[in-house]
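Subject: Structure handover and notes

Hello,

Here is the structure for your files. My notes on it follow below.

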Amino acid sequence: MTKSLQLIMPDREHINALTPQATIGPEGLRFLCDRMLAGLGKWLRAAGYDTVVADHGAGDTHLLERATREGRILITCDRHIEKERPPLRQAVVVLASNRIDEAAAELTRRLGLDWEHRAFTRCLCDNTVLRSATPEEVQRVPEGCDGTAAMVCPLCHRLYWRGSHTSRMEKRLAGLARG
Ligand SMILES: [Zn+2]
């Protein structure tokens, strides 16, 4: 049987020790996805997790240093990273698959992720926490769409409203939550 995920740092206590907030729950986890896992990163962000995707060409050491500096867990498919010197390699989850469903199922099992609790609370483009839209901003919601729970990104000013697109994404998140 192949192991689809290997967690170099195997338990939550170690994760808590690494992150600035010493007693964070799963909802406080922050992630750095390598480029191969940008798709997974998008869904982590849709689920409300503070998630960034690595820059093009960023090497292992750079990724590990960034994860450590920003209190993020590096998610990667790169097994070579296990050869990196400790303690840099501590907060790393190495996945065998970059398929979103498999990767998400393993992350959920290992880290206790909740894919639905805070869905659509971050900008999908730049990871910024959204705020409620003002009445003026709600005017920008297309006619016939529900603007009651519209949100705005304070950084890029994108407007998010509920519609068929969010329903589709909610279904996908529910699927990821089921594993
Ligand atoms: Zn934004």
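Helices (H or I, at least four residues) and strands (E, at least two) are DSSP runs, numbered from the N terminus. On that basis the chain has six helices and eight strands. Their order from the N terminus on is β-α-β-α-β-α-β-β-α-β-α-β-β-α.

Two points on provenance. This is a predicted model, in which local features need pLDDT of at least 70 and side-chain atom pairs count only at pLDDT 80 or more, while totals for chains, interfaces and linings use all residues. Residues are numbered from 1 along each chain as its sequence is written.

Burial and core

A residue is called buried if 20 or more other C-beta atoms lie within 10 Å of its own, exposed if 12 or fewer, and partly exposed in between, with C-beta atoms placed from the backbone. Buried residues account for 28% of the 179 residues in the chain. A nonpolar core is a set of buried Ala, Val, Leu, Ile, Met, Phe, Trp, Tyr and Cys residues joined through C-beta atoms within 7 Å. The largest one has 39 residues, of which F31, C33, L40, I73, L74 and I75 touch the most other members. At least three residues of this core come from each of domain 1 (5-111) and domain 2 (131-178); the bounds come from an automatic or database domain assignment.

Two residues are in contact if their C-beta atoms, placed from the backbone, lie within 7 Å. Beyond its neighbours within four places in sequence, L74 is in contact with L32, L63, L64, A67, A91 and V92.

Helix α2

The axes of α2 (residues 38-46) and α4 (residues 100-111) come within 9 Å and cross at roughly 55°; axes are lines fitted to C-alpha atoms, for helices over the stretch in contact, and angles run from 0 to 180 degrees between N-to-C directions. α2 is therefore oblique to α4, since angles under 35 degrees count as roughly parallel, over 145 as roughly antiparallel, 65 to 115 as roughly perpendicular and the rest as oblique. G39, L40 and W43 of α2 meet I100, A103 and A104 of α4. The buried residues of α2 are L40, G41, W43, L44, R45 and A46, and their cover includes β2 (30-33), β3 (50-53), β4 (73-76), α4 and α6 (164-178). Just after α2, G48 has a positive phi of about 100°.

Strand β8

W161 sits in β8 (residues 159-162). W161 is buried because 20 other C-beta atoms lie within 10 Å. The C-alpha atoms of W161 and A150 are 4.4 Å apart, although eleven residues separate the two along the chain.

Regards
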